[in-house]
Structures are given as structure tokens and as C-alpha cells.
Amino acid sequence: MSDNNDIINDILNDIANNDAESEKEFSYKELETHEEIPQKTEYHEKNEEPQITDIPEERSEAMQSRSRPGTQGDRPIERTSSPKKKKKKKKKRKSNRLPGVLILVTLIFGISIISSLVIISFGKDMLGIGKSEETHVIVIPDGATTEEVALMLLEDNIIKSSDAFKLFAQLRNKEMAYVSGEHFVRPNMPYETIIDELTKVPTEEMGESIQVTFPEGTTLIDAANILEKNHICDAEEFIFYFNAGGFGIEFEDRLPIDTSLKFEKMEGYLFPDTYFFYENSKPEEVCQKIYYNFDTKMNGEFSVGKKNYATRYERMEELNMNLDELITLASIVQKEAATADVMNDVASVFRNRLNNSDEFPLLQSDPTSNYSKNVIRPNIEYLNETLIDAYDTYKSPGLPPGAICNPGIEAIDAVLTNKKTGYYYFIANIKTNETFFSETLDEHEQKQNEIEQYYIDNADDNE
């Protein structure tokens with residue numbers, strides 16, 4: 001019987017030892033969350049105290065305390081700092097992701113906004129929304145391509161993107177060919193309307209095409225009356241729009257800012273030529289056609305002797321002249337020269353006087369006095385003697401404030417040629433169209449007497 005009891009006691013002791021070993025293993029796992037728990041060794045079977053090696057000193061003490069019943073009042077021992085550090089690292093990793101996510105979201109949001117703005121901008125440009133209503137004249141050359149037309153529209157600020165215009169033109173199902181010649185378009189026109197305007201052939205709805213010629217030396221008032229007489233546009237409206245300008249033509253940027261002493265602001269810039277207009281045209285369209293023609297002539301090539309210039313502007317700047325000075329002097333030459341072949345010498349007389357203002361303070365040009373008396377005085381709205389006298393070169397020194405007529409290309413080129421002479425005087429025989437030039441006053445007076453005698457001798461021929 002005692003033997004049986006001994007056997008039973010041995011079994012119970014084995015069970016108790018196994019429970020103790022399980023409790024130790026649990027404590028190891030709880031303390032070392034990511035480290036391996038030392039393997040059991042033979043001392044477990046022998047009921048000996050385990051010898052744990054390769055464990056940090058602090059952790060080893062904590063393990064020993066948990067393994068001995070009754071240590072620290074059998075209370076659960078707090079976790080060491082090691083696991084806390086690992087939890088902090090995990091939080092740190094999560095917080096590090098936040099800036100990256102914010103940057104990515106901001107980048108995507110920014111790209112979306114920029115893309116939207118670009119699309120809206122191109123969309124407004126295609127529809128002509130919020131753009132200028134100013135009319136521009138576009139001259140399409142023969143056989144022009146969409147790329148060439150797009151660049152022309154871009155340069156004239158009709159469109160904002162040539163690529164967008166080309167893409168729009170390609171997406172149209174209609175076959176199109178650009179019609180050469182002059183077309184009037186506005187920036188606020190949709191692309192579709194612009195293309196229709198540039199590809200349509202003029203119809204009878206635009207009225208009859210009328211040929212109009214402005215002769216050299218005509219005044220702005222005379223030109224306006226010619227337009228009205230041919231039922232093209234109202235004379236007063238034409239003068240208003242012509243003086244107002246602002247059509248975006250290159251030469252406009254070269255005009256003086258102060259025009260307070262000018263009678264007609266744009267006198268001189270109506271280039272004498274033959275034009276084709278439609279009946280009942282808009283005056284601003286007529287003005288733009290004339291502006292464009294003037295700028296085209298000024299951008300033409302020019303030569304003096306063996307020297308060539310890409311444009312007349314280039315030669316003008318070489319002579320240290322501005323555009324208004326050039327046109328004003330050319331207008332005087334236009335009125336003074338009996339024939340085109342003497343224009344170079346006539347121009348030289350006035351240039352010599354301008355360069356020797358101490359000896360010759362006054363240009364003394366009869367056409368300037370005539371313009372002052374016969375054009376300004378009868379047509380000025382409010383009497384202004386200062387302005388009237390400023391145009392009379394017998395009363396005011398130097399060039400007048402503006403042109404006295406609209407000069408042709410020969411008169412303009414005569415000023416640009418800048419022929420060198422010693423002439424300070426000239427006189428013309430109106431009956432024979434001869435012009436005589438002199439270097440001194442005595443020579444001039446002698447020529448003057450000769451011409452007067454000629455008139456007397458040939459008086460019968462005039463009757």
C-alpha cells in the first residue's frame with residue numbers, strides 16, 4: 001500500500017514540475033516578444049534552477065524575479081524599457097509616412113488645378129470669350145497652309161495658341177482652302193468663325209467692289225470725301241476712326257505720344273494708292289486696309305547707291321529721324337516738287353536748312369502756309385491761332401507739328417536718300433514744270449526774276 005502511495009506522490013510531483021516549467025516558458029515569451037526563448041535542457045528533468053545565458057543583465061534579473069515565487073511579494077513585474085522602445089519605433093514609422101502622403105496629394109491636386117486652368121484658357125480662346133472686339137486685317141497669301149495662317153493669327157494676337165488652332169482645324173470634317181487676299185477678323189471670334197471667314201469667297205451680300213484711287217498729296221479730308229462719294233463709308237466716321245488708330249499695326253508703335261498741336265493726328269499716313277473697297281463697308285475696316293498698306297510699304301526694301309536696307313525703317317533710324325519727322329518732311333517735298341525727278345534736290349534744300357537753323361531758322365515753304373490757311377482754318381472746330389501758326393513755316397521755325405498732305409513713296413524715298421547738295425533755295429516754273437536750285441540768295445533772286453520775265457513774255461499763251 002505504501003508503495004502505491006509513493007508511486008502516486010511521484011506522479012503528482014511530476015505534474016507540479018511540468019506546470020512550473022510551463023509558467024516559466026510563458027514568462028519568457030511575455031518578456032521577450034521577438035526573441036527566442038532558451039531551449040529546455042537536462043536540468044529541467046532534474047528539477048534544477050535553469051541557467052539562462054546570453055540575456056542582457058537587466059532582462060536576466062527580471063526573468064529571475066519572475067521565476068522565483070515570492071520575489072517582490074509575488075507581484076507581476078513591470079515590463080522593461082526595451083519593448084516600449086520598439087513600440088515607439090513603430091509609431092515613428094507611421095508618422096514618417098504622413099509628409100510623403102501630403103506631398104503626393106498636394107502634387108496631384110496642383111497638377112489637376114493647372115490642367116484645369118490650361119483647359120479653361122484654351123477653351124476660352126477657342127470660343128473667343130473675354131477677348132478684344134478690335135477688328136484686324138489679315139492678308140492671306142496664295143496657297144497658305146494652316147500652319148502659316150496659325151502663325152499669322154498668333155503674331156496679330158488674334159489667337160493665343162497656334163498649336164490649338166491647328167488641332168482644331170484638323171478636327172474639322174470639312175475640306176477647306178484659305179482664300180488669298182484681305183480678311184477682317186476679331187480676337188473675340190470663335191475658331192470656327194475665323195476659319196469660315198478665311199476660307200469663304202466674298203459674296204454679293206458684301207456689296208459691290210469699288211476701285212478707289214487716292215492721289216499723291218491728297219489730304220485726309222479729301223480722302224474721306226472720296227470714300228463717301230463712292231458710298232463706301234461716311235466721311236466723318238472715317239476721319240474719326242483713322243485718327244483714333246489702335247489697330248495693332250507695327251508703325252503705330254512709332255508714332256509720337258504728344259499730338260496736342262496736330263490738326264489731323266494721322267495726316268500723312270493715308271498711303272496714296274489704288275484700293276478696292278466694298279459698298280457700305282465699316283469705316284474701321286477701311287482704315288485698317290489703308291494702315292496695313294502704309295506699313296507694308298515702310299517695311300519694303302530700300303537702297304541708296306550700293307547699300308541695301310531690309311526696310312525703310314532701318315534707313316530712317318540710320319538718319320536719326322523718327323517716323324513723324326520723315327512723313328512730315330516728305331509731305332512738304334510732295335507738295336513742293338513739280339516732278340518726281342527733282343524730289344531728291346528739294347529734300348536736300350530743307351535738310352540743309354534744318355541742319356543750319358541758326359542761319360536759316362525758317363523753312364519758308366509756301367505749301368505749309370496754304371495748308372494752314374486753306375485746310376486748318378476752315379475746318380478747325382475751335383479757333384486756335386497757335387495751332388494754325390505752328391503749321392505755317394513762314395511764322396514758326398523747324399518742321400510743322402504734322403504732315404500737310406499724304407506723301408507718296410517717291411517723296412518718302414527722296415527724304416531717305418538724303419542727297420548731299422549745297423542748295424538752300426529753289427524756285428519752280430509752274431508753266432514749264434522746271435525747278436531751279438541755288439546755293440545763295442543772289443542766285444535765287446536772279447532765277448526768280450528770270451521766271452517772272454518768262455511769265456510776262458508768255459502771257460498771251462495763258463489766254
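Visitor: Hey, which helix does Ser372 lie in?
Guide: Ser372 sits in helix H14; helices (H or I, at least four residues) and strands (E, at least two) are DSSP runs, numbered from the N terminus. One heads-up: this is a predicted model, where local features need pLDDT of at least 70 and side-chain atom pairs count only at pLDDT 80 or more, while totals for chains, interfaces and linings use all residues. Residues are numbered from 1 along each chain as its sequence is written, and side-chain values use heavy atoms, with hydrogens and water left out.

Visitor: New topic: what about Leu154, where is its place?
Guide: Leu154 is in helix H5, residues 146–155. With 31% relative accessibility, Leu154 counts as partly exposed.

Visitor: How many residues apart in sequence are Leu154 and Phe165?
Guide: Eleven, and Leu154 and Phe165 are 9.4 Å apart in space, C-alpha to C-alpha.

Visitor: OK, cores now. Which residues touch the most other members in the largest nonpolar core?
Guide: Phe238, Phe251, Leu323 and Leu326 do, out of 68 residues in that core. A nonpolar core is a set of buried Ala, Val, Leu, Ile, Met, Phe, Trp, Tyr and Cys residues joined through side-chain atoms within 4.5 Å.

Visitor: What does Leu326 touch, then?
Guide: Leaving out residues up to four places away in sequence, Leu326 touches Met298, Met316, Met321, Ile412, Val415 and Leu416.

Visitor: Last one: what volume does the second largest pocket have?
Guide: About 530 Å³. On a 1 Å grid over the protein atoms alone, a pocket is an open set of points where a 1.4 Å probe fits, with protein on both sides within 12 Å along at least five of seven lines; lining residues have an atom within 4 Å of a point. Grid points are joined across faces, edges and corners, and the volume is the space filled by probe spheres set on the points.

Visitor: Which lining residues lie nearest its centre?
Guide: Glu336, Asp366, Phe426, Ile427 and His444, from a lining of 23 residues. Helix H17 gives the most to that lining, with five residues.

Note on methods. Buried means under 20% relative accessible area, exposed over 50%, partly exposed in between (1.4 Å probe, protein chains only). Contact means heavy atoms within 4.5 Å.
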